[in-house]
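I opened the notebook to record what I looked up, one entry at a time. The entries follow below the display.

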Amino acid sequence: MDADDFPTPDVEVETIEPEALKGRIDAGEDLTLLDTRMGSDYEEWRIDGENVTSINVPYYEFLDDEIDEDVLDRIPEDREVTVLCAKGGASEYVAGELAERGYDVNHLEDGMNGWAGIYETVEVTGYDGAGTLLQYQRPSSGCLGYLLYDDGEAAVIDPLRAFTDRYLDDADDLGVELRYAFDTHVHADHISGVRDLDEAGVEGVIPAAAVDRGVTYADELTQAEDGDTFAVGDAVIETVATPGHTTGMTSYLVDESLLATGDGLFIESVARPDLEEGDDGAPDAARTLYESLQERVLPLPDDTLIGGAHFSDAAVPADDGTYTAPIGDLVEEMDALTMEEDAFVELILSDMPPRPANYEDIIATNLGQKAVDDDEAFALELGPNNCAASQESLADD
């Protein structure tokens, strides 16, 4: 049944906006969520938290006039329950059925699609280069991006197509001109916003090393070679080639203070090496990643911050709320960064999570080989990112 086909409940059902739900979770409130999506969707991707109790009962269990008592027994009567689904239609219906039976319920506006629309900014207070650095955080998928601004100019790193207008609006609100939009690599878990920003008058920058993968629009954008620099006010962004996750994986050193590593290194793990070359090519890619980390990343000063393009549930944010950490701390906490090469390769090939949902279509779209509209693009990237080598944190060994 399509979400639009559900009848309007006979009782008024309170709605909670995604941002309000996120705020309550962040505030540490104990919340109970009734997720009415199919079990397979629930297992792949759901709202979690230390203070969140999540229950999965598919919506079809509530379609009969007489709902099975076993179903109702699974739903607590002594607390508020937030009902959610994919888009908001099924959850409103289910919440109405429960409200009629005396349950204290509300439902999540726009469902998990609404949850995927949350995009927050947090200042990286540990950044000590010129200007101000913000980290964009998308809690639904763990995607991270960065906005640097100084002296009337700005640049965004790893922008998402779904939030193209957001970057432009943020720059306007800050009174700066958005000059550059950088991609660290050909992403496999979300649709890049670099081309859309370029069409809006921002200079789009992609790694030159990624072009050979089949990028169809390379001549339309600036291609960043290893060592190239870009001025943003008084700050300088330097291109640092760090292949391994992909052959074109590129990091950007933001005014010698933060290394935006894309999917090469995260604060809780290192990159998975199989999304470009598959299982057969993963061992060689892992060795390339090892070389990049040892030769291009770890020699940087210990207080250089690492900021990846993603975070997982295993990541612990810094005191400022950002998913960043000094290189020196990561070396102390993550054994993978001090292993010999063979042990490193064995480790990161041993526990790779499932590949990101729709990753082949997403890669084709980011290469320009496949065209999708905005709604299709948004739907393709729903779900977890799974770009790290391990489902567990490697930074607490």
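I began with Glu 153 and found that its bridge partner in strand E10 is Glu 177. The two strands concerned, E9 (residues 153–157) and E10 (residues 177–182), run parallel and are joined by five bridges. I take helices (H or I, at least four residues) and strands (E, at least two) as DSSP runs numbered from the N terminus, and I call two strands paired if DSSP finds at least two bridges between them.

Before going on I noted that this is a predicted model, in which local features need pLDDT of at least 70 and side-chain atom pairs count only at pLDDT 80 or more, whereas totals for chains, interfaces and linings use all residues. Residues are numbered from 1 along each chain as its sequence is written, and side-chain values use heavy atoms, with hydrogens and water left out.

Which sheet holds E9 and E10? I traced an open sheet of seven strands with mixed pairing, in the order E6-E7-E8-E9-E10-E11-E12. Its edges are strand E6 (120–123) and strand E12 (222–224), and since each has a single partner strand, one side of each is left without a neighbour in the sheet. Neighbouring strands of this sheet are turned by 25 degrees against each other on average, direction ignored; the axes are lines fitted to C-alpha atoms, for helices over the stretch in contact, and angles run from 0 to 180 degrees between N-to-C directions.

Next I looked at Gly 175, which lies in the loop between helix H6 (164–174) and E10. Gly 175 is exposed, with a relative accessible area of 60%, where exposed means over 50%, buried under 20% and partly exposed in between (1.4 Å probe, protein chains only). Its C-alpha atom is separated by 9.7 Å from that of Tyr 149, 26 residues apart along the chain.

I then turned to a second open sheet, where six strands follow the order E13-E14-E15-E16-E17-E18 with mixed pairing. Strand E13 (229–232) and strand E18 (324–326) stand at its edges, each with a single partner strand, so one side of each lacks a neighbour in the sheet.

What is the phi of Asp 255 and of Glu 256, in the loop between strand E15 (250–254) and strand E16 (258–262)? For Asp 255 phi is near 45 degrees and for Glu 256 near 60 degrees, each a positive value in a residue other than glycine. Asp 255 is buried at a relative accessible area of 19%, whereas Glu 256 counts as exposed at 68%.

My last entry concerns the loop between strand E2 (31–35) and helix H2 (39–44), where Met 38 is placed. Thr 36 is in the loop between E2 and H2 as well, and is buried, with a relative accessible area of 0%. Not counting residues up to four places away in sequence, Thr 36 touches several residues, among them Val 57, Pro 58, Tyr 59 and Val 94, contact meaning heavy atoms within 4.5 Å. Met 38, by contrast, is partly exposed at 36%.
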